[in-house]
Each structure stands twice: as structure tokens, then as C-alpha cells.
Amino acid sequence: RLAARDSTSVYPSIVEELPNVGYMRRLSAEGVLSVAPDLIIARETSGPPEVMEQLKAASIPIVFVEEDFTSASVLNSIGFVGQALGVPEKATQLQSKVQMELESLREEVTKIDRKKKVLFILSNRGGRLNVAGADTGANGIIELAGAINVMAQSYRGYKIASSEAIIAAAPDVVVMMEGRGDHSGSKEDILSLPFIAETPAGKDGSFLLISPSALGFGPRTPSLVKEFHKNLYGK
């Protein structure tokens, strides 16, 4: 029933055989309409806005899934998509499975004695680090994994952080995404930055990579966050 996908939709691997209409926030109306969809399911942040207006004008039903970064939003999105596709019973089954996995994750998190402080770097542009604040997928997975986002109290979204702010935040661990162009980074490149070297993470060489899928808050969220939790706390 899937006519196409956007470039962030890569799981399961068989979906890569579908036409790719581009990045969800940089869509073109022509590209989406070329696959002749009967229904479009999109994140609230899909765009640009003028393209979404063009698609609405084409009289193709569009349903928007909320973009939130909590356990509840994962379950709500499953139910919402199930309703949109006319398979609510399948959605209910998947919700039950994911709910059990989330509860298992919460049990693991309650065993933590001291929460680690995490700096999530979205990109590194010549030593200028774009890092995650509150209301981001990165902040959501950090909290679900039982850790603290060191920039969550400073701002919302992603922002270039000053070296002074990063030193003051004193992260225990630096986290980046695996293999996404300038959104990925090497341990050596990041930990060798002078201001990172002054943090506990820099002194301990504490650097982790996570799957970009972890920021999507889909049905695999519990397993992806559980792996992140294990890597953070070594258990």
C-alpha cells in the first residue's frame, strides 16, 4: 500500500526499493504528486509550508502526525496511523507490544544511581557545535534513557552553543549520530576541540554514536533507547 517514502524512512530495508520523494522538510509538490498517492501521512513539521498548501489544493487527503518526543507520543502516533490506514486493530496490537517494551525500559532506568549529563551535538562546522536543547528528539531520547540533557534548561531546539556554555555545562558524555554527513562526527575530531577537552567527557574520552532512527520516535523507540541506555551506563 506504500507508494513512496521520504529520505528519512529507511526501515525496514525493503522500503528503500520505493520511490524517494526527498527530505520531509524540503519536499516538492511535483515529486510527491508524481507517485499518485491516494493518501499522504506526514509529520507536523513536514514542508516547506507552501508545498503542503499545494498538496492540499490537489485534493489529496493529508493527515498530520504530531511531532512530540515522549513515550505517549510514540503510542499515540501508532494509533493515529492505524486509524488513517483503516487498520485500528493492528495498531492496537502494536501499541500493546511497544507499551510493554517501554515499561521494561522504565524499569531499567529506575535502577540508575546517578544520571549522566549528556551533550548531544547535531553537527560540527569547523568547531562551531550545533547542540540540542529542550523540545528536540535528542532531548527526548536522553530523558527516556535516564540521562540529563545539559542544554535543556538553556534553550529550545538546536542552537550553536558557545565554548563557554559547553564548558560550564560539564557533560559526562558527548553524543552524535551515525553517518549523516555533517550530522555525524568522529570521536577524535570532537574530543580534540579545546573546550570539549576541558569537560568531564573530554577528560574521560566519553563519546557515543547513536542511530538517527532513535530521533524519529516511531515503533522502534524502546529498543533504540534501550541500546542507548546500555551504552551510556554499561549495563
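Helix 5 (residues 137-144) is largely enclosed by the rest of the structure, because seven of its eight residues are buried. Buried means under 20% relative accessible area, with a 1.4 Å probe and protein chains only. This is a predicted model, in which local features need pLDDT of at least 70, side-chain atom pairs count only at pLDDT 80 or more, and totals for chains, interfaces and linings use all residues. Residues are numbered from 1 along each chain as its sequence is written, and side-chain values use heavy atoms, leaving out hydrogens and water.

**Helix 5**
- The buried residues are Gly137, Ala138, Asn139, Gly140, Ile141, Ile142 and Leu144.
- Gly146 follows helix 5 and has a positive phi, near 85°.

**Helix 3 and helix 4**
- The axes of helix 3 (residues 71-84) and helix 4 come within 8 Å and cross at roughly 170°.
- Helix 3 is therefore roughly antiparallel to helix 4 (an angle over 145 degrees).
- On the helix 3 side, the contact (heavy atoms within 4.5 Å) includes Val74, Leu75 and Ile78.
- On the helix 4 side, Leu94, Val98 and Leu102 are among the residues in this contact.

**Helix 4 and helix 10**
- The axes of helix 4 (residues 88-109) and helix 10 (residues 221-233) come within 9 Å and cross at roughly 15°.
- These two helices are therefore roughly parallel (an angle under 35 degrees).
- Pro222, Val225, Lys226 and His229 of helix 10 meet residues of helix 4, including Glu101 and Leu105.

Conventions:
Axes are lines fitted to C-alpha atoms, for helices over the stretch in contact, and angles run from 0 to 180 degrees between N-to-C directions. Helices (H or I, at least four residues) and strands (E, at least two) are DSSP runs, numbered from the N terminus. Angles under 35 degrees count as roughly parallel, over 145 as roughly antiparallel, 65 to 115 as roughly perpendicular and the rest as oblique. Buried means under 20% relative accessible area, exposed over 50%, partly exposed in between (1.4 Å probe, protein chains only).
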